[in-house]
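Visitor: I'd like to learn how to read rings and cavities in a model like this one. Can we go through it step by step?

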Amino acid sequence: MKKSSLLMLVLSLIFASVLAACGNSGSGGGTAKKGDGDQVTVNVFQFKVEFKQQFEEMAKKYMAEHPNVKINVETVGGGNDYGQALKAKIASKNEPDIFNIGGPEDLKQHASRLADLSDMKSTKAVVDEALLAPVQKDGKTYGIPMNQEGYGLIYNKEIFEKAGVKAEDIKTLDDLEKVAQTIDSKKDELKLSGVFALPAKEKWVLSDHAASMFLAKDFDNDIQKAADAKTLPFTQKDQLKQYLDIQNKYSKQPVASLDYSQQVEELFSTGKVAMIQQGNWAYPTIEGVNPEVAKNVGLIAVPTGSGEATIPVGVANNWAVNKKSDEKVQKAAKEFLDWLYTSDEGKKIVMEDFKFIPAYKDYDTSKIADPLSKEIYKYSEEGKTSAWVFKGYPTGYTDDALGAYLQDYLTGKISFDEAIKKSQDAWEKARK
């Protein structure tokens, strides 16, 4: 080898090692650059499409106040499966520094990259210790709540009034069907496309939300019990069938092609349907499309037949910090999350811009922004809530099993009993 070539090779190796030293010492995606005031980049990979714009605006405010920190935000959600997208992101060797985890299954799956968040200001400020339970193990906390959310049947009060029906009369599934029949009989007069908009294209609507309401009783309203269960009893499968059948019968068709966006934006927000199964996260979209409709929304607790009507309330998702990221990046990530949930400016953003139901102490809950969130908070105060037991489903269960089989039922490919049997078999297989 010529001396000049050898010299060039040595210089190249030195240059490469210098670049590596300036970058990330872990395998997370963020960087911590020396010099330049210790500039730090934190990469956030989050699922909540409903507040993508507001979250990005918040990140800009934070960066303006913290010029040495750059926050990159990537959002994957809606019709895409966040869990699969996160796996792909990790496999790409460009791991996020802040990402979302749901509960016990995610704790197992991502155990090697979850930083202990027990000492964070945010962790200590959580309003109810029970909210942390799904992301705790061996006395340590590995996630902090994004917010509290609840769901049920969002309804248009003006349409109900014109149809001569009352939400408070819906105490059983039979009552729900009677109300649906009455509204359907006046569909032309009310200029409706349907009583409901059932987005059967969205597996999570069918499995995570609809089915979970009728599974909560089987697991004593305990996410951890669902996560530990080897079998799926489904003692309320008949009630789930009735609930889905009512929606399907009186829905805008074909339900198989309806997705979340069409359900919320094109149909409910424009006054073309009277009811949709969704939660308070949909309110900013409704208000953005049609402020007049937004003024007239209410929330009905779905009657599951298991006692007093409750609203399923839980944590939409939790923020986790990647312990494989550079230590300075981890520190910056934790400080960013603490600022969001515990600073005065962050609290204002959480309440007014995100329109969240806060999961943390020292918030002025009288300023909860929208009627759906106020209704959910009222149910929470009264203790009339049920758990989001879908957080204890086996990994991939909604997409690969329950959600897919319920889709097949609604499109006539299999019977309801077949859908449940297949779902039970898939659960047992996953838990062997």
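Guide: Let's start with Tyr-397, which counts as buried because its relative accessibility is 3%; buried means under 20% relative accessible area, exposed over 50% and partly exposed in between, with a 1.4 Å probe and protein chains only. This is a predicted model, where local features need pLDDT of at least 70 and side-chain atom pairs count only at pLDDT 80 or more, while totals for chains, interfaces and linings use all residues. Residues are numbered from 1 along each chain as its sequence is written, and side-chain values use heavy atoms, with hydrogens and water left out.

Visitor: How many aromatic pairs are there?

Guide: A pair of aromatic rings is described by the distance of the centres and the angle of the planes. Here rings of Phe, Tyr and Trp (its six-membered ring) pair if their centres lie within 6.5 Å; planes under 30 degrees apart are stacked, over 60 edge-to-face, and the rest tilted. That rule gives 24 aromatic pairs. Take Tyr-151 and Trp-281: the centres are 6.3 Å apart and the planes at 55°, so this pair is tilted. Tyr-151 sits in strand β8 (residues 148-156) and Trp-281 in the loop between β10 (273-279) and α13 (283-289), so the pair ties together parts 130 residues apart in sequence. Helices (H or I, at least four residues) and strands (E, at least two) are DSSP runs, numbered from the N terminus.

Visitor: Are Tyr-151 and Trp-281 buried or exposed?

Guide: Tyr-151 is buried at 1% relative accessibility, and Trp-281 is buried at 6%. Back at Tyr-397, its ring pairs edge-to-face with Tyr-393, at 5.3 Å centre to centre and 75° between the planes. Tyr-393 is buried too, at 4%.

Visitor: Which rings are linked into a cluster?

Guide: Ring pairs join Phe-51, Phe-55, Tyr-62, Trp-319, Phe-336, Trp-339, Phe-354 and Phe-356.

Visitor: And what lines the largest cavity?

Guide: On a 1 Å grid over the protein atoms alone, a cavity is a set of points where a 1.4 Å probe fits but cannot get out; lining residues have an atom within 4 Å of a point. Among the lining residues are Phe-51, Trp-281, Phe-354 and Phe-356. By class, the lining has five nonpolar, two polar and four charged residues; Ala, Val, Leu, Ile, Met, Phe, Trp, Tyr, Cys and Pro count as nonpolar, Asp, Glu, Lys and Arg as charged, and the others, Gly among them, as polar.

Technical notes
On a 1 Å grid over the protein atoms alone, a cavity is a set of points where a 1.4 Å probe fits but cannot get out, and a pocket is an open set with protein on both sides within 12 Å along at least five of seven lines; lining residues have an atom within 4 Å of a point.
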